[in-house]
Amino acid sequence: MTVAEAVDRYAEMVRAKCSTGALAPSSAEVYARDVVTFAELAGADRVLDDLSGADVDEVLLAFARKPDGRRRAAPAPGGGALQSASSQARFRRSLSAFFKYAVVAGWVQLDPMVAVTVRPKHRGGLRAERRALTVEQAEGLLGAAREMADGGAAPRRRVDQRTELRDGLIVLLLAAVGPRVSELTRANAEDFFVNGGMRYWRIFGKGGRTRDVPLPRPVVEVLDAYLAEGRVLLDRGVESRALLLSWRGRRLARGDVQAVIDRVLEGVEPGRRRSVTPHGLRHTTATHLLAAATDMDAVRRVLGHSDLSTLGRYRDELPGELEAAMRVHPLLGPVERG
C-alpha cells in the first residue's frame, strides 16, 4: 500500500469517527490535515511499509522547517525551525496515531515511530521561555484592537468587505476571555446574552461542557457595534448563525485567526509589539488574571479547565513579579526599595 492510499483510508476512518461523535470535529480536522502533510513530505507514491525510523526523522525535520501557512513570517535565521514547538509536537502525535492504526490495520509490520531518533532539541522544538504577553505588550495589542474597531485603520476595500470591527473583536475576546480558538470560531451570535445587566458568552467547550463567562465592558462595546454594524455587512445568508464571518459571509475558519492577530499587531508601536498566537493569548489571560490575585477557581472556570492543576501549565513567569510581590508582603506591609 502506498503512503497516499494509506492516508486516504485513514482520513476516511477519521471522518467516520467524527460523524459518530467518537472524535471532535476540530480533532478530526487536525488529524486529517497532518497526515496529508505527511504524505507530501514523505512521498505519496512510496510504499508505506518501506518507511523506516530514519525516513520519519527526515519528515519531522522537513516539517519543522516548513513555513507556517497561517503566518506571514520571514525565514528563520540560519535555516532553523519555522513551525512552533506546539505545532511540531502536535504533528508528531498525529503521526504516532496514524502508524498505530496502520499496525492494527495490517498496513505495516512494524511501527517506524519506535525507531525515530530526532528529539525536540534537533527539531527546534524547545518551548519558548515565555508565551504570555507582558502588561505593556498586551495593552499595546488591545489598544490597537480597539482603535481598529473604532475605524482607526483606513481600509482600501469595499464597505461589505471591511472586517475591522470583527478583527478587533477577535483579539479582545481572545485576550480578555482566553477561549480556545475552536471555541471562538464555533461561537454563534445567539451564544451572547444578558443576565442581571451583565453580558455573558455561553462557550461550548471540550467534552460537551459549557460555561457562561461575563464580558468586560470594553469588549461588550465592540461586540455590540460588530453585531449592529460589522456582522450585518458580512452576513450574506450563507451562515446566518455564526458570530465571526469572513467577507464572503461564511463562518471564519480556525486557520484565519492567526492572520487576524498579525493584522492587529501591525498597529502596535514597535516597542510594545511581540508576535503571539491564539494559544499565547490564552496564556496571557491566565497569567494576568492569576497575577492580579484573581481566585484560581474563577480563572479555571473562565478558561474552561476541569481541574485546577491544569492552570499550572498556563501560568507563565512575568518579569519583575517576584520583586513586586515582596515589596507588598502580606506579613510585613509595603517595603521600601533598597
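Me: Which residues does W201 touch, not counting residues up to four places away in sequence?

Reply: W201 touches L173, V177, P179, E183, L184, A187, D191, F192, R211, D212, V213 and L215, with neighbours up to four places away in sequence left out. Contact here means heavy atoms within 4.5 Å. The model is predicted, so local features need pLDDT of at least 70 and side-chain atom pairs count only at pLDDT 80 or more, whereas totals for chains, interfaces and linings use all residues. Residues are numbered from 1 along each chain as its sequence is written, and side-chain values use heavy atoms, without hydrogens and water.

Me: What makes L141 and W201 stand out in the largest nonpolar core?

Reply: Of its 44 residues, L141 and W201 touch the most other members. Such a core is a set of buried Ala, Val, Leu, Ile, Met, Phe, Trp, Tyr and Cys residues joined through side-chain atoms within 4.5 Å. At least two residues of this core come from each of α6, α7, α8 (181-186), β2 (198-204), α9 (217-234) and α10 (257-265). The largest share, 9 residues, belongs to α7. Apart from this core lies another, of 27 residues, including V35 and F91.

Me: Why is D150 called exposed?

Reply: Buried means under 20% relative accessible area, exposed over 50%, and partly exposed in between (1.4 Å probe, protein chains only). D150 has 68% relative accessibility, and therefore counts as exposed.

Me: Where does D150 lie?

Reply: D150 lies in the loop between α6 (135-149) and α7 (164-177). Helices (H or I, at least four residues) and strands (E, at least two) are DSSP runs, numbered from the N terminus.
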